[in-house]
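Here's a quick briefing for anyone meeting this structure for the first time.

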Amino acid sequence: MTKTAGGHPQWLPVVGNTGRPGWTDLVATDAVRAGNGLTTLEAKDKRARSVRASFKSLERANLIRFARSEGKRGDFENYDLLDERGSSGEQQLYKVPGLKEPLTTLPSGFVLNSWIHVLEDSELALLLMIACGIGSLPGPFVSIPAETRLLHYGIGRDPYSRARKTLELFGLLNVEEVKRHRDGKTEGGENHFLHKFQLRREGFDEEALPTVIAILKEQLART
């Protein structure tokens with residue numbers, strides 16, 4: 001796809017060929033060949049079906065727009081990526097950000113070491129919130145009030161509590177509990193439920209799956 005600032009991305013086809021890769025070459029699934037003879041379903045066909053289902057979900061979320069009427073396989077090859085911010089409820093095409101536009105970034109290992117595939121949705125949302133940091137209280141660390149977290153990031157209390165503990169356990173997040181005694185009990189004060197967060201970028205350098213398996217086995221051994 002294009003990387004030119006202000007340009008509209010040109011996306012890959014669902015299924016690639018020898019001259020050009022497709023989404024089926026990039027998605028991570030456990031799909032394997034199934035059936036025999038006329039009922040054979042190749043692994044790449046399963047991956048393609050998964051990609052098309054994902055496209056439909058993106059369409060329902062107003063993140064992509066098909067240029068033709070849906071329902072035919074070829075329609076999935078002709079679509080526009082939409083800007084999730086929109087404008088007054090209207091759809092706008094996504095444009096590659098310029099150098100002066102604010103961006104939210106995550107360490108490259110988030111994708112290259114497959115963390116994106118092992119983390120749950122709430123954990124991914126919390127990572128993105130901390131990387132973004134908009135709405136945080138002043139200071140070098142990210143500390144976002146509950147109202148802001150829920151209203152602007154859509155992360156409720158329970159998913160937030162579980163996600164931050166898991167991300168800290170996996171070594172992806174440094175967490176400093178605010179206004180708490182050493183025994184874990186909270187002190188008084190309006191911000192006593194807030195925590196200070198910082199991405200632990202070196203944690204993303206580790207391969208996700210073996211790291212998570214080792215940590216979970218260690219936790220199970222303690223129970």
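Predicted model: local features only at pLDDT ≥ 70, side-chain atom pairs only at ≥ 80, totals over all residues.

Residues are numbered from 1 along each chain as its sequence is written, and side-chain values use heavy atoms, with hydrogens and water left out.

**The overall layout**

- The protein chain has seven helices and four strands; these are DSSP runs numbered from the N terminus, with helices being H or I of at least four residues and strands E of at least two.
- Going along the sequence, the pattern reads α-β-β-α-α-α-α-α-β-β-α.
- The protein chain has 223 residues, and 27% of them are buried.
- Take the contacts (heavy atoms within 4.5 Å) between residues at least 6 apart in sequence: 47% of them join residues at least 24 apart.

**Aromatic rings**

- Rings of Phe, Tyr and Trp (its six-membered ring) pair if their centres lie within 6.5 Å; planes under 30 degrees apart count as stacked, over 60 as edge-to-face and the rest as tilted.
- Six aromatic pairs turn up by this rule.
- In one of them, Phe 66 and Tyr 79 have ring centres 6.4 Å apart and planes at 75°, so they meet edge-to-face.
- Phe 66 sits in strand 1 (residues 64-66) and Tyr 79 in strand 2 (residues 79-81), so this pair ties together parts 13 residues apart in sequence.
- Phe 110 and Phe 204 also pair edge-to-face, at 6.4 Å centre to centre with 70° between the planes.
- That pair links distant parts of the chain, 94 residues apart: Phe 110 is in helix 2 (residues 109-112), and Phe 204 is in the loop between strand 4 (195-199) and helix 7 (208-222).
- Phe 110 is buried at a relative accessible area of 11%, and Phe 204 is buried too, at 0%.

- A pocket is an open set of points on a 1 Å grid over the protein atoms alone, where a 1.4 Å probe fits and protein lies on both sides within 12 Å along at least five of seven lines; lining residues have an atom within 4 Å of a point.
- The lining has 19 residues, with Glu 84, Pro 97, Pro 102, Leu 103 and Thr 104 lying nearest the centre of the pocket.
- Helix 4 (121-132) and helix 5 (146-153) each supply at least two lining residues, and helix 4 gives the most, with four.
- By class, the lining has 11 nonpolar, three polar and five charged residues. Ala, Val, Leu, Ile, Met, Phe, Trp, Tyr, Cys and Pro count as nonpolar, Asp, Glu, Lys and Arg as charged, and the others, Gly among them, as polar.

- Thr 24 lies in the segment before helix 1 (43-60) and is buried, at 4% relative accessibility.
- Beyond residues up to four places away in sequence, Thr 24 touches Val 14, Val 15, Gly 16, Lys 44, Arg 47 and Ala 48.
- Thr 24 and Lys 44 are 20 residues apart in sequence and 6.3 Å apart in space, C-alpha to C-alpha.
- Thr 211 is in helix 7 and is buried, with a relative accessible area of 18%.
- Leaving out neighbours within four places in sequence, Thr 211 contacts Trp 115, Phe 170 and Glu 206.

**Two positive phi angles**

- Asn 62 isn't a glycine, yet its phi is positive, near 60°. Asn 62 is in the loop between helix 1 and strand 1 and is partly exposed, at 44% relative accessible area.
- Ser 114, another residue other than glycine, has a positive phi near 70°. Ser 114 is in the loop between helix 2 and helix 3 (115-118) and is partly exposed, at 29%.

Note on methods. Buried < 20%, exposed > 50% of the residue type's maximum accessible area, 1.4 Å probe, protein only.
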